[in-house]
Amino acid sequence: MIPIISLELARTLRNPAIWLIVTLLQCAFAWYSLSALEAYLELQPRLALSDNAPGLSTWLMGRYTLPATFACMLAVPVLCMQKFAGDRQNGALNCLLMAPVSSLKIALGKLCAVACVLAGISALSALNVLALRAVAPIDTVALLYAHACQWLYLLACAGIGLACSALCRSAQSAAFSSAAALLMLWLLSQGGATSGINWLAELSIATHLSRALAGVLHTGDLVYFVAVIAVSTAVVTRALENARVFGERT
Amino acid sequence: MTTPQTDTPPLVVRQLTLHRGQAVIVADLALRLQTGDVLGLVGANGAGKSTTLQCLAGHLSPSEGEVWVAGHNLVDAPASARAHIGYLPDPPSLHNELRVSRHLRAIASLHGLKRAASDDAVARVLELCRLTDAASKRIAHLSQGYRQRVGLAQALLHQPAVLLLDEPTNGLDLDSQDQFAETVRAVSAHCAVIISSHHLSDLRACCNRMASLTAGRLIEQHNNTLNPRRDTHAGREPETVFIRVHQPLDVDALQCLRGVVSATAERDGWKITYRGDTAELSQAIAERGWGLRQLSPMLFEPGAAGAKSTPSVSLEPAP
C-alpha cells in the first residue's frame, strides 16, 4: 500500500490545481479567523459582564472551525475527482489495475493519500488560529482536538468523494455528484431540525461535526465517521473489482 | 522480480471464451507459449485482438476457460499471475504528471521491487528502450513514439514471463519500428511474447509464430517466413497480397516481377500470389513508378474452405 500512497502523493503534489485550491483555502481561513477575532473583540465588553462567557478558544471553535470545515468540504470533490474518474479518463487507472495489487489496497492507498493532503489542509487551518497565541491566550489542546475532528470529518467526505469518483466515468461528473452528495448530507440536519425527525438529523454529516466541534466526542459520532469511510471504501473496492472483471472502458 | 518456474510454460490458455451479453467476443481460444516464442496476432479492426490480450493480461475476466501464467491461474490467483505479466495496452497507460524515471520507479515499487532493485531495473529498461535521454522529461511532454517506448519499458520492468503488446508500433517512425523489433527479439530470449497488430509487416520483423483472429476466433496459424533470424524453413511459402496502384497495369507486367507466382485482376486492384518479402515487392513496384496505393496481405481467401466455418484452430500442441 505504501507504493500507492507514495505514487498518489507524488502525483497530487505535482498538480497545480491542488496548489491553487490550497491557496484559496488559506485565503478563506485567514478571512474566517480574522472575522471571528474581530467579532469577538466587538462583543468582548458585553461578554465580560456575563457569567460563563465563552473564551476566545470556544468562540473560535464555533465561529472559525465550522465555516473553515465547510470550505474544506467544498474542496474535497475537486481533490477526489481525479483519483479514479480522472485516471479512468486519461487511462492512468490501468497502471494500478494491471499491477499485482488487490483492489482493497488500491482503494485504501488512494484514501490514505487523500488523508495526507487533508491532514496538511487541517494543519494549515489550525495554524491560522494558533498564530493568535502570540496576542491572546488560546487553549491549544481544544483547538487541536477541534481540528482532529475536522480532519476525521473531511476524511469521511473524502470517502464519499472517492466512491463517487470510482463510480463515475468522467472527472466532472464525479466532482458534481460528490458535491451534491456532501451538500445533501450537510443539509439533512436542517431538514431534520425543521421537520422534527431526529433520525434524519442523525444521518446528517453536519450534526456529527457540530457535536464533535463542541468539544465532546461521542462514540456515536466516531462510529458514524468510521462507518461512512468503511462503506465508501467497500464501494470503491467493488467498483475496482468490477473494472477488473468487465474491463475498464475509457 | 519475477522468476517463473523453469519447467512450466509461461503461458497456457485453455478454451478461453468471453461473452458480452449474447455476443461472443473471444471464442474457444487455446494457446501454449514457451519462452522464446513471439506470437504475432493479426486481424482486422474489431476482430478481438485487444480483448484477447486484455483477457490474457487479467484485465478482463473470461466467461469460460483458463489462463495459466507461469503456473499461476489468472482467475484463482490473479495477483500472482499478474506479477509475471508485462502488458502494454493501446494507448499506453501512463502517469502524465510524472517524469519518466519517477513513473518507472513507481511502477517498479508496485511490482514489489525494493529501492536498489528498482533503480537497477529502471536503468536497465531505460537503456533497453532507448529512453535514457528522456528519463528526466515529464511524460505529458513526450511524443507518441516516446510514450510507446515508456509503455514498453513499464511492461519490461519486472522481467515478466509473458509480455503482451497491443499495437506497440502505433505512432512509431520506421527507425523506431526497427528498434522496437530489435528490442522484442532481445527480450524474447527470457519470456514469451504476444504482439497484436493489424499490420502484418510490423509483426514479421520480430515474430516466429503467427495467428490470425477473426470475430474473436483464432482461425489460422502460419509460420512467419520473413524474420531471417528465426526463419527455419529453407523455402518461402507463397502468400497472397492485394495491391492497388495508380498506373493501369496488365498481368504480364506484374508477372515479370521477381517472386510473383500469379496475378489476378480484382475489381479495384490486383490479387497477387507472391513468394518473398512484401517489402521487396513494394520496392519493385515503386522502382517502376507505378505509384503503389495499397499493399495488404489477404490472409483468407474469400469463400475458402475453413476460413469461417472452421472453429478455432488450437495452437496448443496435440498431446
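Author: Two strands pair if DSSP finds at least two bridges between them, and strands (E, at least two residues) and helices (H or I, at least four) are DSSP runs numbered from the N terminus. This is a predicted model, in which local features need pLDDT of at least 70, side-chain atom pairs count only at pLDDT 80 or more, and totals for chains, interfaces and linings use all residues. Residues are numbered from 1 along each chain as its sequence is written, and side-chain values use heavy atoms, with hydrogens and water left out.

Reader: What makes β1 and β4 of chain B a pair?

Author: Five bridges join β1(B), residues 11-20, to β4(B), residues 64-69, and because at least two are required, the two strands count as paired, running antiparallel. Within this pairing, Val13(B) stands opposite Val67(B).

Reader: Why is His103(B) called buried?

Author: Buried means under 20% relative accessible area, exposed over 50% and partly exposed in between (1.4 Å probe, protein chains only), and His103(B), in helix α3 of chain B, has 0%, so it counts as buried.

Reader: Why is Arg130(B) called partly exposed?

Author: Arg130(B), in the loop between α4 and α5 of chain B, has 30% relative accessibility, so it falls in the class between the two limits.

Reader: What is noted about phi in Ala70(B)?

Author: Ala70(B) has a positive phi of about 50° although it is not a glycine. Most residues other than glycine have a negative phi.

Methods
Chains lettered and ligands numbered in written order.
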